[in-house]
Amino acid sequence: MKKPSKDNKEFTDAQKRIIRWRKEGPARFAVDALGMPEKWDDVKKIGVMPWWWEASAKLVEKKRLSVRSGHGVGKTTFIAISVMWFMVCYFPTKIPCTAPTAHQLSDVLWAEIAKWLRVLETKMPSLAEQFEWTQDEFRLKAAPKESFAVARTARADKPEALQGFHSENLLIVADEASGIPDIVFEVGQGAMSTEGTFAILGANPTRRSGMFYETHHSLRERWATMVVNGEDCPMVSKQFIDDIAFQYGKDSNVYRVRVQ
């Protein structure tokens, strides 16, 4: 591919976009590249969730982000857009994505990436056409072995989901991380030795032990952490909140985990 000259306006505009997206994170990418309003619109049910801006700033600053939340706050969508953001903004890059079940990985996270890639095709087709999505891979067409994201289910009997990935730029993604066996994180810890390594863990806090739990406790100094309360999230149905409160009580652990 012929390198554009430095006086080429399209080249300099593209550079400026990348610099801005790197600096402001996935939330800015969602606005500029995917056409999402900067603020959530309660009526239209569209826009960047308020907590995404804080999460993006923390991810850029600390490179390690762990988010615990109730259901339906837009966590998986944020993770999916973060995968796209990293693929666009960094080269070369490798992004191992894992979850405790094939359903969560393939039918939820990977499907969410496909959804937003289709949006990118309508908003910035020249950018979208540089990437290829399959059932378990998301690759840069021009360098498929150097820049890619892959989906691997995390299992205790096969703990290599995060193992063996090395790149100048690496993003480790764990959706529903609370359910991922510790051995998976232990085996994959070597991948985090590179300076350009980022990590995003997201989950409902269903366990009081394990790697995800420790990022909010004993490892908190090493991780940027967030708590996203469904009571404060406009995306979460009030009926869902009321149903959980009625069935289990607001003082129950179920309410604390599933809502708060």
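**View 1. Lys63 is partly exposed, with a relative accessible area of 24%.** Buried means under 20% relative accessible area, exposed over 50%, partly exposed in between (1.4 Å probe, protein chains only). Lys63 sits in the loop between H3 and E1. Its phi is positive, about 70°, although Lys63 is not a glycine. This is a predicted model: local features need pLDDT of at least 70, side-chain atom pairs count only at pLDDT 80 or more, and totals for chains, interfaces and linings use all residues. Residues are numbered from 1 along each chain as its sequence is written, and side-chain values use heavy atoms, leaving out hydrogens and water.

**View 2. Eight strands form an open sheet with mixed pairing.** The order is E3-E4-E5-E2-E6-E7-E1-E8. Strands E3 (131-133) and E8 (224-228) stand at the edges with a single partner strand each, so one side of each lacks a neighbour in the sheet. Neighbouring strands are turned by 10° against each other on average, direction ignored. Strands (E, at least two residues) and helices (H or I, at least four) are DSSP runs, numbered from the N terminus. Two strands pair if DSSP finds at least two bridges between them.

**View 3. Helix H3 (residues 50-62) lies across E1, E7 and E8.** H3 runs at about 165° to E8. Axes are lines fitted to C-alpha atoms, for helices over the stretch in contact (heavy atoms within 4.5 Å). Angles run from 0 to 180 degrees between N-to-C directions.

**View 4. The peptide bond from Phe91 to Pro92 is cis.** Omega is near -10°. Pro92 lies in the loop between H4 and E2.
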